[in-house]
Amino acid sequence: MNKRSHIQTLMFLTLFLVFVMGSFFVMTSEIQVYQNIHESIALQDRLMTPLAYLNTRLKSCDQKEAVELVTIEEIPCLKMEEDQHITYIYYFEGYLRELYAVKDYMPSLDEGEKLFKLDDFKMSYQDRLYHFSVQIGQQSEQISVYMHS
């Protein structure tokens with residue numbers, strides 16, 4: 001082979017190396033973007049799931065005088081009465097919890113089943129409108145649920 005073909009081969013290999021390196025950097029940046037999007041969607045799901053659960057539970061108990069906010073051991077609780085059972089939903093020790101009890105039983109808050117790990121949870125009630133707010137890290141979401149009864 002002559003000197004010119006060696007130079008052409010070297011130039012093709014250099015060009016191929018530049019192409020491979022460019023492709024590698026593009027793929028690396030795309031992977032990072034995908035990971036950021038995935039983390040954002042996962043956080044949004046972790047925020048919206050407790051709110052969707054509360055919405056579903058409230059809508060299933062949309063009867064007159066069946067839902068109210070009460071305070072147990074200085075913790076606000078959402079109390080839902082169904083036949084002979086009462087369900088309490090409340091925020092205690094970093095978790096949104098749910099507790100099923102018979103009507104005559106006064107529950108202890110540490111008995112409740114842990115539903116969702118949250119950094120903060122607030123609820124309020126005004127004029128048949130329940131307002132819930134959840135927070136995980138610096139992100140927060142809220143929902144308002146109107147009760148027809």
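Student: Why is tyrosine 125 called partly exposed?

Tutor: In this predicted model, tyrosine 125 has a relative accessible area of 42%, and because buried means under 20%, exposed over 50% and partly exposed in between (1.4 Å probe, protein chains only), tyrosine 125 counts as partly exposed. Local features need pLDDT of at least 70, side-chain atom pairs count only at pLDDT 80 or more, and totals for chains, interfaces and linings use all residues. Residues are numbered from 1 along each chain as its sequence is written, and side-chain values use heavy atoms, with hydrogens and water left out.

Student: What makes tyrosine 130 count as buried?

Tutor: The relative accessibility of tyrosine 130 is 2%, which falls under the 20% limit for buried.

Student: How do you know that phenylalanine 121 is buried?

Tutor: Phenylalanine 121 has a relative accessible area of 8%, again under 20%.

Student: Why is the pair of tyrosine 91 and phenylalanine 121 called tilted?

Tutor: Rings of Phe, Tyr and Trp (its six-membered ring) pair if their centres lie within 6.5 Å, with planes under 30 degrees apart counted as stacked, over 60 as edge-to-face and the rest as tilted. For tyrosine 91 and phenylalanine 121 the centres are 6.4 Å apart and the planes stand at 40°, so the pair is tilted.
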